[in-house]
Amino acid sequence: MQHCNINKLDLDGALQHIAWAGFQGAELCHQDEWANHIDLKTDQPYIDKVKETAKKYGLELFAIQIGLGPVRNDENFKLMTKTLDVAAKLSIPVVTMRAFWKS
């Protein structure tokens with residue numbers, strides 16, 4: 001997906017623009033200062049809202065991307081765990097992680 005100015009849009013706006021562009025599905029993003037279309041909430045009302053929004057625009061949810069800070073720490077591991085939980089509840093098969101760590 002080409003990056004456009006969807007980083008300032010909420011989930012509804014981002015999915016609407018992705019549908020307008022003719023895509024069949026979307027990769028959601030949770031990365032501060034870049035794009036933050038999805039919250040990492042696991043409560044059922046929020047999960048249902050995300051599913052309903054995707055359905056409203058006829059989109060499948062293919063992936064979630066998160067951005068992790070430059071340091072390996074407990075906070076980043078919690079973020080990874082929450083993202084995996086959200087992906088599982090949304091039946092999203094792919095989680096990508098942009099890590100700024102050194103190999």
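Guide: Take Lys41. It is partly exposed, with a relative accessible area of 40%. Buried means under 20% relative accessible area, exposed means over 50%, and partly exposed lies in between (1.4 Å probe, protein chains only). This is a predicted model: local features need a pLDDT of at least 70, side-chain atom pairs count only at pLDDT 80 or more, and totals for chains, interfaces and linings use all residues. Residues are numbered from 1 along each chain as its sequence is written, and side-chain values use heavy atoms, without hydrogens and water.

Visitor: Which residue meets Lys41 in a salt bridge?

Guide: Asp39 does, at 3.9 Å from N to O. A salt bridge needs a side-chain nitrogen of Lys or Arg within 4 Å of a carboxyl oxygen of Asp or Glu. Asp39 is partly exposed too, at 35% relative accessible area.

Visitor: How many salt bridges does the structure hold?

Guide: Two. Asp12 and Lys56 also form one, and their closest N and O atoms are 2.9 Å apart. This pair links distant parts of the chain: Asp12 is in helix H1, Lys56 is in helix H2, and 44 residues separate them. Asp12 is partly exposed at 28%, while Lys56 is exposed at 55%.

Visitor: You speak of helices. How many helices and strands does the chain have?

Guide: Three helices and four strands. Both are DSSP runs, numbered from the N terminus: helices are H or I with at least four residues, strands are E with at least two. From the N terminus on, the order is α-β-β-α-β-α-β.

Visitor: How do I read two strands side by side?

Guide: Look for bridges. Two strands pair if DSSP finds at least two bridges between them. Here strand E3 (residues 60-68) pairs with strand E4 (residues 94-99) in the parallel sense, over six bridges. Within the pair, Gln65 stands opposite Thr96 in E4. The chain gets from E3 to E4 through helix H3 (residues 74-89), and this β-α-β crossover is right-handed. Right-handed means that, with the strands pointing away from the viewer, the path from the first strand over the helix to the second runs clockwise.

Visitor: What sits in the loop between H3 and E4?

Guide: Ser91 is found there. Check its backbone. Most residues other than glycine have a negative phi. Ser91 is not a glycine, yet its phi is positive, about 60°. Ser91 is exposed, at 60% relative accessible area.

Visitor: Now the inside. How do I read a core?

Guide: Nonpolar side chains in soluble globular proteins tend to be buried together. A nonpolar core is a set of buried Ala, Val, Leu, Ile, Met, Phe, Trp, Tyr and Cys residues joined through side-chain atoms within 4.5 Å. The largest one here has 23 residues, and Leu15, Leu28 and Val50 have the most contacts inside it. H1 (11-20), strand E1 (25-31), H2 (44-56), E3 and H3 each supply at least two of its residues.

Visitor: Which residues does Leu28 touch beyond its neighbours within four places in sequence?

Guide: Contact means heavy atoms within 4.5 Å. The partners of Leu28 include Leu11, Leu15, Val50 and Ile92.

Visitor: Which residues of H1 are buried?

Guide: Leu11, Gly13, Ala14, Leu15 and Ile18. Among what covers them are E1, H2 and E3.

Visitor: Where is confidence lowest, and where highest, among the elements?

Guide: Read pLDDT, the predictor's confidence in each residue, from 0 to 100. Strand E2 (residues 35-36) is lowest with a mean of 77, and H2 is highest with 96. Over residues 1-6 the pLDDT is below 50, and this stretch has five contacts beyond near neighbours in sequence. Where pLDDT is low, the predicted coordinates should not be read in detail. The chain averages 86, and 88% of its residues score at least 70.
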